Amino acid sequence: MVDFENLQNYQENNRIEAKQALGGLPESIWETYSAFANADGGILLLGVEELPDKSLHALDLLDPQWLLEDFWAILTDPKQVSANILQPEDVQIHEVQGKHIIAITVPKAAAGQRPVYIGSDCYRGSYRRSGEGDYRCTREEVDAMLAEQKAARS
């Protein structure tokens, strides 16, 4: 869990990703959602920037409620995201030093739900997390998740 009052003590890593999101939801949010869900989970922070020294800094989202509505609308559209693995309590608005940010806690998807992917093609839309980055899964990685999915449903 992140101590939001000490946000500057954190850095992006395999479990934390910061997105400025000042102009709306960034497209890359979905790659990170997929990557966290297909790996060990993580926290997406919207309204947060990474400074040159790698520390995180709250910006202040102008209308966080509007961003949340947009987020949920896309997340629950099966044409855009294969699975919604979030509960309402996983998505929260926080005030950090008078600035509003959104924290989205993405759990690791159950074996029967992986791969979690964006779009309609699991081979093109499945991502994994490595360090600070999201990377498209290889065909072999997707096949392994599909085999786990099949075994979990048996």
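Guide: The elements come first: helices (H or I, at least four residues) and strands (E, at least two) are DSSP runs, numbered from the N terminus. Gln97, for instance, is placed in the loop between β5 and β6. This is a predicted model, in which local features need pLDDT of at least 70 and side-chain atom pairs count only at pLDDT 80 or more, while totals for chains, interfaces and linings use all residues. Residues are numbered from 1 along each chain as its sequence is written, and side-chain values use heavy atoms, with hydrogens and water left out.

Visitor: Why does Asp60 count as partly exposed?

Guide: Its relative accessibility is 29%, so Asp60 falls in the intermediate class.

Visitor: Which peptide bond is cis, and what is its omega?

Guide: The bond joining Arg114 and Pro115 is cis, with omega at about 5 degrees. Pro115 belongs to the loop between β6 and α3 (122-125).

Visitor: Why is Arg129 called buried?

Guide: Arg129 lies in strand β7 (residues 127-130). Its relative accessible area is 10%, which is under the 20% limit, so Arg129 is buried. Asp134, in strand β8 (residues 133-136), has 19% and therefore also counts as buried.

Visitor: What makes the link between the side chains of Arg129 and Asp134 a polar contact?

Guide: A polar contact is a pair of N or O atoms within 3.5 Å; within protein, one must be able to donate a hydrogen and the other to accept it, and residues adjacent in sequence count only if both atoms are side-chain atoms. The side chains of Arg129 and Asp134 are joined at 2.7 Å, which is within that limit, so the pair qualifies. Asp134 also has a polar contact of 2.4 Å with the side chain of Thr32, and the side chain of Arg129 reaches the backbone oxygen of Ile16 at 3.2 Å.

Visitor: Which residues does Asp134 contact?

Guide: Contact means heavy atoms within 4.5 Å. Leaving aside neighbours within four places in sequence, Asp134 meets Glu31, Thr32, Ala35, Tyr127, Arg128 and Arg129. Asp134 and Ala35 are 99 residues apart in sequence, yet their C-alpha atoms are 6.0 Å apart.

Visitor: How do you know that the span of helix α2 agrees with expectation?

Guide: The expected span is 1.5 Å times one less than the number of residues. For the 12 residues of α2 (residues 64-75) that gives 16 Å, and the end C-alpha atoms are 16 Å apart, which agrees.

Visitor: What makes the pair Trp30 and Phe71 stacked?

Guide: Rings of Phe, Tyr and Trp (its six-membered ring) pair if their centres lie within 6.5 Å; planes under 30 degrees apart count as stacked, over 60 as edge-to-face and the rest as tilted. By this rule there are three aromatic pairs. Trp30 and Tyr33 are 6.1 Å apart centre to centre, with 75 degrees between the planes, which makes that pair edge-to-face. Trp30 and Phe71 have centres 5.2 Å apart and planes at 10 degrees, so this pair is stacked. Trp30 lies in helix α1 and Phe71 in helix α2, so the pair ties together parts that are 41 residues apart in sequence.

Key:
Buried means under 20% relative accessible area, exposed over 50%, partly exposed in between (1.4 Å probe, protein chains only).
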